[in-house]
Amino acid sequence: MSRDTGTTYWRSLNELQGTPQFEEMLHREFPEAASELPDGISRRRWLQLMGASLVLGGVGGCRWEAEQFAPFAVRPSNRTPGVPQRFATSHEVGGSGRGLLVTCYDGRPTKVEGNPDHPLSEGGTDVFDQAAILNLYDPDRSDSVIEQSAGQRFTRDWSDFDRFASRHFAALKRGNGKGLFLLSEATSSPTYQRLLEELQKNHPEAVCLEYESFSRDHERSGAQLAFGRVLRPHYDFDRARVVACLDADPLGMHPAATRHVRDWAAHRDPDSGSFFNRVYSVESELSVTGAQADHRLPMQSSSIRLITAILEALISQQLGDFPRETSRSESGDNSDPRLASRLPLSPEEILAPGQLRFVEALADDLVQTRGGSLLMAGPAQPADVHARVHRINDWLENSGTTVRYTAEPVAGRLSHRAAIDFLSAELREGNVDTLIMLGGNPVYDAPVEVQFGDALQKAKTSIHLSAYRDETSDLCTWHLPRAHAFEVWGDTRSSEGTYSISQPLIEPLLTGRSGLQLLAAFNTGNPPASGDLGKRFIQETFYSLTPEPPERAWDTTLHDGFLAGSACEPVNVPVVSSLQSTLDAISLTPPQRSLEVVFFSGPGCLRRTLFEQRLAAGTARTAQ
Amino acid sequence: MPSERFHFPAWTNRLTRLLPIIGGAAGLYAVTILALGASPETTDVGYAPQQPVPFSHKLHAGQLKLDCRYCHTTVEEAAHAAIPPTQTCNNCHNPADANGSVATVSVHPNSEKLLPVFESQASGAPIKWERVHDLPDYACFNHSAHVTRGVSCVSCHGRVDQMEVVQQVEPLSMAWCLDCHREPAPHLRPLDRIAQLDWVPEEASEVIGARVQEELGLNPSTNCSTCHR
């Protein structure tokens with residue numbers, strides 16, 4: 001399609017390249033075999049067969065099957081046959097727990113809803129929580145242990161693996177675990193952490209890593225820059241009058257989205273008597289938040305850094321004298337503390353007039369409502385943007401009101417990207433004797449330059465626990481089927497730290513085991529007995545968490561679905577003075593008029609493949 | 001190979017005059033067979049499958065006067081009147097051990113007829129009872145909605161307390177359901193007589209039924225969606 005402007009538009013990559021498939025598609029009215037019958041069968045024969053099928057289809061109804069009752073030998077307490085029961089439990093999406101209330105009909109889970117008492121859910125769920133039930137009954141889930149040796153695959157069962165594992169891990173233990181690497185998905189499970197420490201104790205030289213393709217690691221390193229330690233920000237939409245989202249989607253793809261949505265919606269009701277909030281969104285995709293925003297500015301993901309800097313300059317100007325943090329710094333060489341001077345060009349030169357008006361209005365609004373405004377950056381944004389945002393929130397006196405920080409439970413781990421780089425380097429050097437992968441599919445979703453698939457084959461033994469037989473399973477020595485969260489015991493922490501137990505609602509349908517069971521078996525050398533779904537490990541962790549009489553607290557927690565008051569305490573940490581020099585070192589490039597590739601996850605209908613594939617939460621890497 | 005075409009002999013022409021009569025008779029036959037032969041009255045009433053345990057309702061409910069709800073506990077609170085778990089049987093029937101002694105008081109600890117019950121108790125596997133009253137899946141019947149509104153067990157299940165082997169006595173057809181939904185009074189009784197199968201009303205059942213209907217404010221629906229949901 002050419003217009004006078006000379007710009008050529010295209011609607012698919014095939015069209016752009018002019019492939020033969022596209023040419024054929026262009027000249028066919030219908031796809032192949034849609035308008036004419038495929039070869040090999042005549043129309044007459046077709047009608048005969050279809051007619052006969054139609055007639056015989058009715059015959060199936062001509063019978064009255066004798067039915068049987070199979071009542072329990074011992075009916076479980078509180079169970080009335082035919083009356084649905086609801087159980088509070090939890091599951092994890094991308095390393096953060098969700099409080100759920102699952103309806104079971106005669107012992108079969110049928111529907112997932114949010115736990116109305118859970119502080120984060122309040123009865124709300126997102127698409128991934130709802131889809132968990134479909135995942136449970138997915139016929140494509142892996143149902144067998146598979147061993148691959150000498151290029152051939154053998155279907156084994158768990159006892160074969162247990163025999164192999166007890167031999168193999170005893171040998172590893174003798175070598176202090178040298179060459180043992182463990183790669184897991186992001187998980188918030190305290191029991192997992194405990195078992196991991198135990199593994200580390202048994203195998204002092206073992207290396208435990210975590211990898212998640214869509215991770216919130218930039219958030220972590222942003223806090224590290226701004227506060228000198230890893231903190232996790234929490235947003236309070238109940239107090240936020242003005243919300244500015246920089247490539248962030250707090251109402252859609254955020255571990256606490258259900259909570260955000262409720263609080264946000266409560267302040268969208270003109271009759272509520274409370275204030276009415278206003279949402280600004282500057283983003284590169286159309287997110288849920290962007291779609292609900294009062295003001296939305298489409299912007300290249302890579303330009304968000306610049307927008308943040310301009311916003312910071314405008315706000316510091318508006319706040320008049322030196323912002324608090326800068327005045328505290330003792331660097332002394334800041335003769336001109338005006339941040340506007342640090343921009344490569346003046347805002348007028350960088351932004352179009354409409355964009356500038358938007359940013360100025362936003363800065364205005366944020367300053368007007370300071371103490372009740374909220375600025376946030378998305379997980380795809382680099383660490384320095386997060387750090388800048390933290391500092392602006394600090395200037396605006398939002399820290400402690402609309403945004404609170406809690407300590408990360410596991411502060412000292414490698415970032416996900418560094419972990420996968422490190423692991424593939426170790427693999428290539430032949431340092432990996434045994435690689436255990438608990439969940440995840442790194443062959444598919446690790447960055448392409450890592451070439452993880454090639455590296456993986458250098459491991460002498462690789463064990464992959466996965467709900468599906470996927471790309472990674474195909475390259476591993478052992479593939480083990482993973483149990484669904486509704487089939488085994490587990491525990492989780494939601495993003496603000498609330499501890500939840502996840503209880504089995506049905507026996508494992510496809511003989512799967514959980515990562516916890518596997519880890520415990522590696523530690524003790526004893527495979528789980530039949531019917532043992534890992535309750536003991538969860539209880540041991542739980543008893544260490546609660547000061548109350550443990551038995552009673554366990555029952556209460558199991559019933560309620562979460563341990564009340566277990567959320568992390570907010571911490572108050574000042575912004576470090578070295579942040580300014582860190583930010584100075586980062587060059588701010590004006591927006592480029594070029595194409596940009598953004599990998600992101602979101603509840604859009606066509607773009608969920610990566611996310612669904614892993615059921616992992618989070619974010620994106622940005623490449624230009 | 002060319003074959004000679006078949007011709008009907010000439011005498012068959014006379015039969016064509018009989019066609020209306022034959023047609024009429026065939027029609028009558030078909031209607032009779034369909035109406036009577038396929039009616040639930042013919043196909044379902046009297047259905048008495050053999051159960052894995054020869055449990056006698058006549059003995060337990062009739063002679064021993066166990067209340068229906070001793071075993072069918074959920075009938076007042078749920079749609080489904082649950083078949084009791086094996087545990088309920090074990091309240092009275094426990095097997096003797098190898099020495100012939102029984103830990104608790106037990107009726108017939110050595111009975112061979114009770115063997116499936118003892119096996120189920122030991123293994124935890126269910127006893128597979130045959131279903132006698134089987135409504136189609138598109139008809140939703142709720143026990144609790146009926147027994148808490150004055151409809152006795154006997155109205156649908158008959159005198160189970162006189163049955164050695166449980167059998168279906170009512171057709172459980174839609175027309176039969178609607179008869180009662182349209183004219184409930186004769187079939188209603190005070191709530192404390194619900195499970196008393198041999199209850200004889202002191203006065204005319206219509207009068208008592210009308211009083212119960214009045215007291216409980218009953219107005220049974222005949223809307224399709226009441227049962228076909």
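What follows is a list of stops, each with something to select and something to look for.

**Before you start**

This is a predicted model, in which local features need pLDDT of at least 70 and side-chain atom pairs count only at pLDDT 80 or more, while totals for chains, interfaces and linings use all residues. Residues are numbered from 1 along each chain as its sequence is written, and chains are lettered from A and ligands numbered from 1 in the order in which they are written.

**Stop 1: the domains of chain A**

Colour chain A by its domain assignment: domain 1 (1–39), domain 2 (145–215 + 415–492 + 509–549) and domain 3 (225–410 + 577–623). These bounds come from an automatic or database domain assignment. Taken over C-alpha atoms, the centres of domain 1 of chain A and domain 2 of chain A are 46 Å apart.

**Stop 2: the largest nonpolar core**

A nonpolar core is a set of buried Ala, Val, Leu, Ile, Met, Phe, Trp, Tyr and Cys residues joined through C-beta atoms within 7 Å. A residue is buried if 20 or more other C-beta atoms lie within 10 Å of its own, exposed if 12 or fewer, and partly exposed in between, with C-beta atoms placed from the backbone. Now select A:Phe181, A:Leu183, A:Leu195, A:Leu435, A:Met437 and A:Leu519: of the 50 residues in the largest nonpolar core, these touch the most other members. Which helix gives the most to this core? Helix α19 (residues 515–524) of chain A does, with five residues. Helices (H or I, at least four residues) and strands (E, at least two) are DSSP runs, numbered from the N terminus.

Stay on A:Leu519. Leaving aside its neighbours within four places in sequence, A:Leu519 is in contact with A:Leu195, A:Leu196 and A:Leu199; contact here means C-beta atoms, placed from the backbone, within 7 Å. There is also a second, separate core of 47 residues, and A:Phe237, A:Val279, A:Ile304 and A:Ala363 are among them.

**Stop 3: a hairpin**

Select strand β2 (residues 85–93) of chain A and strand β3 (residues 96–105) of chain A, which run antiparallel and are joined by nine bridges. Two strands pair if DSSP finds at least two bridges between them. A:Val93 has A:Ser96 as its bridge partner in β3(A). Two residues sit between the strands of this hairpin, and A:Gly94 takes a positive phi near 55° there.

**Stop 4**

Next, jump to two loops. Most residues other than glycine have a negative phi. A:Glu122, in the loop between β4 and α4 (127–136) of chain A, has a positive phi near 50°. A:Glu122 counts as partly exposed because it has 16 C-beta neighbours inside 10 Å. A:Asn176 has a positive phi of about 60° although it is not a glycine, and it is found in the loop between α5 (158–174) and β7 (180–184) of chain A.

Buried or exposed: what is A:Asn526? It is exposed, since 11 other C-beta atoms lie within 10 Å. Look for A:Asn526 in the loop between α19 and α20 (535–545) of chain A.

**Stop 5: where the chains meet**

Show both chains: 22 residues of chain B are in contact with 14 residues of chain A. On the chain B side, α5 (86–90), α6 (115–123) and β1 (129–130) each supply at least two residues. That side divides into 10 nonpolar, seven polar and five charged residues. (Ala, Val, Leu, Ile, Met, Phe, Trp, Tyr, Cys and Pro count as nonpolar, Asp, Glu, Lys and Arg as charged, and the others, Gly among them, as polar.) Strand β1 (residues 68–69) of chain A and β1(B) run antiparallel and are joined by two bridges. Zoom in on A:Phe69, whose bridge partner in β1(B) is B:Trp129.

**Stop 6: chain B**

The domain assignment of chain B gives domain 1 (18–47), domain 2 (48–83 + 133–227) and domain 3 (85–128). Over C-alpha atoms, 30 Å separate the centres of domain 2 of chain B and domain 3 of chain B. Four residues of domain 2 of chain B are in contact with seven residues of domain 3 of chain B. Finish at B:Gly217, which follows α10(B) and has a positive phi near 60°.

Methods: Two residues are in contact if their C-beta atoms, placed from the backbone, lie within 7 Å.
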